[in-house]
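Here are my notes on the model you sent over, point by point. Have the structure open while you read.

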Amino acid sequence: MPGSVKMVVRPESSASYVRAITKGLGITLKHMLEPNKATQQYPDEKWELSPRLRGTHRMATHEDGRAKCVGCGLCPTVCPVNCIKLIPAEDENGERYAAVYEIDEFRCIFCGFCQEVCPVEAIHLGVHYENAEYSRERWVYDLERLTELDHPFTALWDPFDPASE
Amino acid sequence: MMEAFFFLLFAVMAAGGAIMMIASRNPVSSLMYLVLAFFALSGIFVLLDAHFLAAVQVIVYAGAIMVLFLFVIMLLNLGHREDIDMRGHLARLVALVAGSALFAAVAALVLRGDESTLASEESRLAVEAMVRARGAVGALAEPLFTSYLVPFELTSLLLLVAIVGAIVLARRRAP
Amino acid sequence: MNLDIESASLILSAFLFAVGTAGVLVRRNAIIVFMCVELMLNAVNLSLIVFSRSLGLEAQVLVFFVMAVAAAEAAVGLAIIIAIFRHYEGVDVDRFNLLRW
Amino acid sequence: MLSLPLLLQETHAAYVPILPAWILLLPLIGAVVNGFGAFIWRGNKVIPGVVGPAAVIGAFAIVVVNFLAMRGAAPHDPTIVSLWTWMAAGDLRVGVDLQFDQLSMLMLLVVTGVSSVIHVYSIGYMREDPGYSRYFAYLNLFVFFMLVLVLGANFAITFVGWEGVGLCSYLLIGFWYENREFASAGKKAFIVNRIGDFGFLVAMFLVFVHFGTLNYETVFASAPAALAYGGTVVTAITLFLFLGCTGKSAQIPLYVWLPDAMAGPTPVSALIHAATMVTAGVYLVARTSVLFAMAPVSQAVVAAVGAGTALLAATIATQQYDIKKVLAYSTVSQLGYMFVAVGIGAYTAGIFHLMTHAFFKALLFLGSGAVIHAMHHAYHEVQSHEDPNDMRNQGGLKGYMPITFATMWVGTLAISGIIPFAGFFSKDEIIWYTGAYGYGILWGIALVAALLTAGYMTRLMVMTFHGENRTGAAAEPHLHEVPAVMWIPLAILAVLSIVGGWVNIPDALPVLPAVHALHDWLHPVFEPARGILEAHGLHDAHSSPIGGGEAMWAGISTVAAAVVILLTFRALVHRTWKPAAEATDPTGLAGVLYNKWYVDELYDRVIVLPLLALWRGCWRIVDAGLIDGSINGLAAGTRAVGWIGSLFQTGRVATYMFYFVTGVLVILATFLL
Amino acid sequence: MEPMTGTAFVVATTLKILVFFVLLLVFVALSTYFERKIAGFIQDRSGPNRVGPLGLLQVAADGLKFILKEEVEPGGANKKFFFLAPVLGLVPATVLFAVMPFASPVPTRWGMMEMIVADVPVGFLYVLAIASLGVYGIVMAGWASNSKYSFLGGLRGSAQMVSYEVALAMSLVPVLMLVGNVQMPEIVSAQQNFAAGPAEYGAWFFLPLMLTAFVFVVSGLAETGRVPFDLAEAEGELVGGFHTEYSSMKFGMFFLGEYAHLITTAALITVFFLGGWDIPFWQGDNIRILADGTVIGEPTWWKTLLTFGAFGVKTLLLVLFFMWLRWTIPRFRYDQLMDLGWKVFIPIMMAYIMVMGLAMYLLDEAGVPVGLQYSGALIVLNLIMMGILIWVVDRGTIVKGATSNTRRRAGGIRGRITPTTPSEVD
């Protein structure tokens, strides 16, 4: 029924505020006395994180420890907030690599486009979120830090397997 | 001794508050100094055994009237208009002279007066006995609700009229 | 000079009254002038309370009435000030000369 | 409630007034009902005609019951009924107190009795008048005020009644206010009375100053001790009181209003200007007899003024043609008699004459009213504008109005003092005491006036009822007797005029039994005054100034009166008069008398014109010059001062505060220095 | 036993002040803890539990945090008042406790010690006087911050507190009428059950003065500015209201002041309506000092401790109740708040005072002695009136819903809203 707006008519002449509050107090009292609390003792108990959680980035490496990044420049192009700084270079073998690769995690919105666009599956978002630092500078992750991280990669959504099964 | 100390304290507070009230350029400061003065005055009332009035002083003046003033100052946003408030040097001089003369004259009258009429021991005892018999509030209630009942009731009428008048005056006229 | 508390209170009352007077003379802000008047009323209250010690509690009854009148006066006075403010965009007493002939 | 047999019994219990307030209330209620009724039932003739008389008759009934009760009770001091406190200011306490004693009881009887009769008469007389209800309202109001006057136990209440009857008199004289002349007659009565009231007021103030109270009982009890006999104070009080009496009772010099007062309806003349109100002065003198007894000068003045009035009015009456004017002057003259009596100290005689006079003068007035009624109707039928009051237009009415004719002759004989009619006993008593107490000249004047009375009354009767009819051919067939509601009162009054005098028959008369009923009745009231008088040399000489006892002089006077009547009758019965329209005014002495000794003109010249001139001067100089000038000057001055003051009004609060502080400092400085 | 005099009195008073101030602060600290705990429980959380056992040291951690945090002062703020405001907010709440009778008197070697810091002759007038000063803190803070949100919060707060002060004072009048005295210990003993005495009702006043107690509780909440009456700091509209610009310990003082105020209000309710330190159903604690110094009952130190415990428990329970309430009810709208104060509570209290006065007059005339019977009659009367209030008066009239208000203002002109029944929807 297009165009119709649902109007909620509050009962005005019959509602007793005092009685309504009493009722509300009863509800909250019931919850107060509820023994099963939902609180998680966080630092002691950790969340069971979803494999698709998009957290702190990680750079995949080859077996020899080199970053997989080939400095194609797609990820800084696609990044909506311009948080990736990439200066490519070529080594003696003529292979391109990222001379500078920095991600400002402060600025990042964890959209995951970089991971999706990467042709070599080098940059990934990770299933990780505990990254407190003492200064802003520390939030700019350079290539070394990115490669050293070891949390699991975020699983991308597979259109052929929507439920990730 | 104790009494003298407290009196001195409160007197200095009251006098200082009053002076600062007229000397402050900021209306809100003035007001707060006045509240201070009223508070000190209520302390002096206590020293003079007028407990009930001390309480009423705080309730009515500090708690109601001055809040009303403050509210109006804020409502009209007068708190920051300090440039036009104070008069010139001549007026200040005149005020100083007039005020001092007034104070000097009254003080001289007080000092010249017969002190025994002010504080005869027996009258003080009589009032104290009254207060002891009926309590600080009851002692005042006695005359208030017997001899002065009609004025008291008229006071309520006065307040009613004031309320109505205030509403009528301050109401925004329909455009 | 050895003052008892009554005389001292009277002198304080005179002082407060004088200060209130001076304030009315010096200030232009209607609200401040108003406050000065309240101060003067309070000075009178103080002297009345001093007198109540020797003249009986009726003087305190009078103080009570003074307070009631002060409350009424404040209500009406402030309402007038608000009304005037709306008209003149200010509360400078020197500009309130509407009733001047 | 006392039963009638019980009332007639003589007991020694004190008299307690029965329904005292209702005596006053009934007429007042009647007045109020009729007064508002005048606006509500405009055309209704029944309700006012019932309510008005019924109220007065009811009052009369209560009075009679009270009278019987008082008669049954032992002799006593006045009974005072206090209704409420009227005013209390400083030392002055004036209560609405009613005094019931023998004098006021007698007056009550006379007033309510005569009033009842006249009210009944008015039902017929005023039937055609559009102001019927208003008339009864006034009349009832008058009765109320008259009763207040009579019953008042202090000067103030009496004064209320005094003023009230004055007001009613004014209203009733000017009852036909559309007529300018009538209205101004009312005004004249009012203004002349004010002069007298001024005297009353001054007397009242003097009494209060010297006694500190206005209550009769207290004043009379303390007067002999408080005031010197014949002193200035008591003389002044009594003279001022008497000034009031001359106004109310139409004595020289203030009698001039009464003849003009005949402008009112005739029953009003009968009630107010003959029977009741005008006797108030006599009543007042009798009431304050103690004071008068202490002031021989005042007594002499009273007696002399009374005698002078009696003679003067009698002479004027002889040459009047208006039937009511004749009766009016006759009234003035008879009132003079009463004042002579109370002046010389024969208070009972004065009151006695007051009573009998009320009967026969009311009768005469009502009779003349009947005549006028008949004449008016006759003229009205033929659309004539002749004066129905003028005796020259009457004559020969005895054939048309036999009852009126008969009853009026009874009245005439009574006023002339023919034995055994009422007037004989009362007038003879006055004349006798005048001589017996040693007032020779007054005695002579009284005798002459008595003979003149017989003369002018016979003239009136002859001109009205005997001889040929002069009404005019057209109007004559329309003359006829008045209805029963009017002649029955005449009959009642006629009976009273005959038997009214039998309450007091002197011992001296032969054949007749001696009766002292009135004397004994009034004795307690006048005893103090008599005591004072006798202590200062008043005594009954038992003989006239030129010898001869009471019986002889009574005989002489009645015979002389009879002779005068006969002579006058014979002289006038065949005389012819031109009708009023054609007649010329008499000249010579007759002219002087016809013009009432030119007294009105004299007053005009001597008092009114100078006063007018004076007031005109006052207006020019004092009012326009001084008062207006000073007011204008004040205004200009205020304006100037205000202008200067406005310079100080800057509109700045601080400036005002500065003035204020300066002022306070000045005040404080005066304390300090 | 004689009351304390001279040096002993001064020393005892000083001690009481110290002890009581410390106790108050502890209580305040505890209540912040309880607030979080209760909030947690109501939201099915467990609340603070990390710092110390059961999270009890959370309070200390908070304090430390307040002190150590950076202090920010907005530009253009009036420094003097910006500094003064938090003090003004905290002081009245604490000073109020001076007249609170918190336990039965205790006999000492130097005389009878009343367990009240200052038994001022004007009793609860003092309470009103001091409570009326609380508004300055809020107004000052709002004005001195020189910020629009703060300013609006200050204005709101001042109007709200001045308004509810009237209802608060009026709801104390029936108490005054019953007790016939203004001193706080007298109010306590009037609710106890003595064998004989001038005015003992034997029932805590929340029974014979039920409606008044209700109004007092609500007005007290409004006066403290707590949810559902925290319009002055409504974070949804005014960010933080009067304390938007405050940080660090200055904010901490507001925070403390709020909880001190809460406890004060609870203690006042305890004294006025819950019998103060009276222990129910036990006559042993009925101890009273008459004006001439004679002592009724047998005071001992352990009774003092017990009664103090009773006082504390009652106050604490009330505090907990307020917290419970806070986490149940949403905030009022401002016009609803003002309507409730001026158009509901004040008229109700006026009528109530008249009804109670009449009832008391009739009871006195009928010769009913002051006592359980008297209270019983009043309780019945109050139950009736409470019933009337809840089932007759309060039918959507006390606090109107948003829709009803719109409709009233629209007056049928600005587009009449026709309600659709659920069946018409979709």
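1. Starting with the fold of chain B: of the contacts between residues at least 6 apart in sequence, 57% join residues at least 24 apart. Keep in mind throughout that this is a predicted model. Chain B has seven helices and zero strands, so its pattern along the sequence reads α-α-α-α-α-α-α. Of the 175 residues in chain B, 43% are buried.

2. One spot in chain B to click on is Gly135(B), which sits in helix α6 of chain B. Is this glycine buried or exposed, or something in between? Gly135(B) comes out as partly exposed, because its relative accessibility is 23% and the cut-off for buried is under 20%. In sequence Gly135(B) is 83 residues from Phe52(B), yet their C-alpha atoms are 9.6 Å apart in space.

3. Now the interface of chain B with chain C. Here 80 residues of chain B are in contact with 72 residues of chain C. The two chains bury about 6900 Å² between them, with 77% of that on carbon and sulfur atoms. How many salt bridges go with it? The count between chain B and chain C is zero, while four residue pairs are in polar contact, both partners at pLDDT 80 or more.

4. Which parts of chain B make up that side? At least two residues each come from α1 (2-23), α2, α3, α4 (89-112), α5 (115-118), α6 and α7 (149-170) of chain B. The top contributor is α3(B), with 13 residues. By class, the side of chain B that touches chain C has 61 nonpolar, seven polar and 12 charged residues.

5. Between them the two chains bury about 2100 Å², 80% of it on carbon and sulfur atoms. Met32(B), Ile59(B) and Met74(B) supply 27% of the area that chain B buries against chain E, more than any other three residues.

6. On the polar side of the interface between chain B and chain E, the rule finds zero salt bridges, and one residue pair is in polar contact, both at pLDDT 80 or more.

7. Over all chains, a search of the whole structure finds 20 salt bridges. One of them is in chain A, where the side chains of Arg145(A) and Glu133(A) meet at 3.0 Å, N to O. Arg145(A) belongs to helix α4 (residues 143-148) of chain A and Glu133(A) to the loop between β4 (123-126) and β5 (140-141), 12 residues apart. Arg145(A) is buried, with a relative accessible area of 19%, whereas Glu133(A) is partly exposed at 24%.

8. In chain D, look at Asp197(D) and Arg194(D): their salt bridge has its closest N and O atoms 2.1 Å apart. The two residues are about one helical turn apart, because they lie three residues apart in helix α7 (residues 180-211) of chain D. Asp197(D) counts as buried at 3% relative accessibility, and Arg194(D) is partly exposed at 28%.

9. What does the salt bridge between Glu35(E) and Arg226(E), 3.1 Å from N to O, tie together? Glu35(E) lies in helix α1 (residues 6-42) of chain E and Arg226(E) in the loop between α7 (210-224) and α8 (235-238), so the bridge links parts 191 residues apart in sequence. Both residues are buried. They also belong to a network of salt bridges that takes in Glu258(E) and Arg326(E).

10. Last, confidence in chain A. Its mean pLDDT is 82, and 90% of its residues reach 70 or more.

Technical notes:
Residues are numbered from 1 along each chain as its sequence is written. Chains are lettered from A and ligands numbered from 1 in the order in which they are written. Side-chain values use heavy atoms; hydrogens and water are left out. Buried area is the accessible area (1.4 Å probe) that two parts lose on being put together, summed over both. A salt bridge is a side-chain nitrogen of Lys or Arg within 4 Å of a carboxyl oxygen of Asp or Glu. A polar contact is a pair of N or O atoms within 3.5 Å; within protein, one must be able to donate a hydrogen and the other to accept it, and residues adjacent in sequence count only if both atoms are side-chain atoms. Contact means heavy atoms within 4.5 Å. Helices (H or I, at least four residues) and strands (E, at least two) are DSSP runs, numbered from the N terminus. Ala, Val, Leu, Ile, Met, Phe, Trp, Tyr, Cys and Pro count as nonpolar, Asp, Glu, Lys and Arg as charged, and the others, Gly among them, as polar. pLDDT is the predictor's confidence in each residue, from 0 to 100. Buried means under 20% relative accessible area, exposed over 50%, partly exposed in between (1.4 Å probe, protein chains only).
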